[in-house]
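This report looks at one protein chain and moves from its overall form to individual residues. Please keep the sequence and the coordinates at hand while reading.

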Amino acid sequence: MTLTRPAKPSQKKGKKPAVPGIPVAARLVVSRVLSDDGDVLAEWLLLTNVKDVDASTLALWY
């Protein structure tokens, strides 16, 4: 996944223009905590630029 849209600063202190930048390669990691019955107790969608680490390790870090 590559993010290519300009960053949008916080709108709290008035309207600010978008900030252009270079595209960022990102990775989507879906982490779920399941009950013994297989029901989803919690789910996280993690967007990261870390590439050399297993998804399970990244989920633990977050």
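## Overall form

The structure is a predicted model, and every value in this report should be read with that in mind. The protein chain contains one helix and four strands, and these elements follow one another from the N terminus in the order β-β-β-β-α. The C-alpha trace extends over about 50 × 30 × 15 Å along its principal axes. The radius of gyration of the protein chain is 16 Å, whereas a compact globule of 62 residues would have a value near 11 Å.

Burial and contacts can be set beside these dimensions. Of the 62 residues in the protein chain, 11% count as buried, and the accessible surface amounts to about 5,400 Å², with 56% of that surface belonging to carbon and sulfur atoms. When contacts between residues at least 6 apart in sequence are considered, 21% of them join residues that are at least 24 apart.

## The hairpin of β3 and β4

Strands β3 and β4 run antiparallel and are joined by eight bridges. Together they form a hairpin with five residues between the strands, and in the turn Gly38 adopts a positive phi of about 95 degrees.

The structure holds one salt bridge. Glu43 has a relative accessible area of 42% and is therefore partly exposed.

Which residues does Ser31 contact, leaving aside its neighbours within four places in sequence? Ser31, which lies in strand β3, is in contact with Ala42, Glu43, Trp44 and Ala59. Ser31 counts as buried because its relative accessible area is 14%, under the limit of 20% that applies to buried residues.

## The nonpolar surface patch

A nonpolar patch on the surface is formed by Met1, Leu3, Val24, Leu28, Val30, Leu45 and Leu47, which together have about 650 Å² of accessible area.

Leu45 is found in strand β4 and counts as exposed because its relative accessibility is 61%, which lies over the 50% limit. Leu47, also found in strand β4, is partly exposed, since its relative accessible area is 43%. Not counting residues up to four places away in sequence, Leu47 touches Met1, Leu3, Ala26, Arg27, Leu28 and Tyr62; of these contacts, Met1, Leu3 and Leu28 are themselves named as members of the patch. The C-alpha atoms of Leu47 and Thr57, which are ten residues apart along the chain, are separated by 14 Å.

As background to the placing of residues in these strands, side chains in a regular strand alternate between the two faces of the sheet.

Pro6 has its place in the loop between β1 (2-3) and β2 (24-25). With a relative accessibility of 37%, Pro6 counts as partly exposed. Apart from neighbours within four places in sequence, Pro6 is in contact with Ala18, Val19 and Pro20. Between the C-alpha atoms of Pro6 and Gly38, which are 32 residues apart along the chain, the separation is 40 Å.

## Accessibility of the residues discussed

The table gathers the relative accessible areas given above.

| Residue | Relative accessible area | Class |
|---|---|---|
| Ser31 | 14% | buried |
| Pro6 | 37% | partly exposed |
| Glu43 | 42% | partly exposed |
| Leu47 | 43% | partly exposed |
| Leu45 | 61% | exposed |

Technical notes. Residues are numbered from 1 along each chain as its sequence is written. This is a predicted model: local features need pLDDT of at least 70, side-chain atom pairs count only at pLDDT 80 or more; totals for chains, interfaces and linings use all residues. Side-chain values use heavy atoms; hydrogens and water are left out. Patches are made of residues with over 30% relative accessible area and no salt bridge: like charges are joined within 9 Å, nonpolar side chains (Val, Leu, Ile, Met, Phe, Trp, Tyr) within 5 Å. Accessible areas come from the Shrake-Rupley method with a 1.4 Å probe; for residues, only the protein chains shown count as cover. A salt bridge is a side-chain nitrogen of Lys or Arg within 4 Å of a carboxyl oxygen of Asp or Glu. Helices (H or I, at least four residues) and strands (E, at least two) are DSSP runs, numbered from the N terminus. Buried means under 20% relative accessible area, exposed over 50%, partly exposed in between (1.4 Å probe, protein chains only). The radius of gyration is taken over C-alpha atoms; the globule rule is 2.2 Å times the number of residues to the power 0.38. Contact means heavy atoms within 4.5 Å. Two strands pair if DSSP finds at least two bridges between them.
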